[in-house]
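Open the model in your viewer and keep the selection panel handy. We will walk through it one stop at a time.

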Amino acid sequence: MPYPYEKCYPGNSRLLTIAGIVLLAAGILLVFLCIPKWAWLALLGILLIAAGFVLLRIGQSGR
């Protein structure tokens, strides 16, 4: 009985891993430095509204 074959991809490249981590860190740093304070507050407001909506739905589903 033949076994199913597996696709083989190139092994882990340490250089690619380091480059990926550096790019992620740079992107996160840019997001935190470039987004103004009012946008963070607006995002927080949206998250609070969503959390309140979820809590209301959970509270009403118990009835």
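The tour goes from the whole chain to its helices, then to a surface patch and a ring pair.

Before you click, note that this is a predicted model, where local features need pLDDT of at least 70, side-chain atom pairs count only at pLDDT 80 or more, and totals for chains, interfaces and linings use all residues. Residues are numbered from 1 along each chain as its sequence is written, and side-chain values use heavy atoms, with hydrogens and water left out.

**Whole chain.** Colour by secondary structure and you will find 2 helices and 0 strands; these are DSSP runs numbered from the N terminus, helices being H or I with at least four residues and strands E with at least two. Of the 63 residues, 2% count as buried, meaning under 20% relative accessible area, with exposed over 50% and partly exposed in between.

**Helix α1.** Select 14-34. From first C-alpha to last, α1 reaches 30 Å with its 21 residues, close to the 30 Å expected (1.5 Å times one less than the number of residues). The count of buried residues in α1 is 0.

**Helix α2.** Now select 37-61. How many residues of α2 are buried? The number is 1 of 25, so α2 lies largely in the open.

**The nonpolar patch.** Show I28, V31, F32, I35, W40, L43 and L47 as a surface: together they make a nonpolar patch of about 630 Å². Both α1 and α2 supply at least two residues each.

**The ring pair.** Finish on the structure's 1 aromatic pair. F32 and W40 are stacked, 5.4 Å centre to centre with 15 degrees between the planes; pairing needs ring centres (six-membered ring for Trp) within 6.5 Å, and planes under 30 degrees apart count as stacked, over 60 as edge-to-face, the rest as tilted. F32 is exposed at 54%, while W40 is partly exposed at 30%.

Key:
Patch = residues over 30% accessible without salt bridge, like charges linked within 9 Å, V, L, I, M, F, W, Y side chains within 5 Å. Areas by Shrake-Rupley, 256 points an atom, 1.4 Å probe, with all protein chains shown as cover. Salt bridge = Lys/Arg side-chain N within 4 Å of Asp/Glu carboxyl O. Buried < 20%, exposed > 50% of the residue type's maximum accessible area, 1.4 Å probe, protein only.
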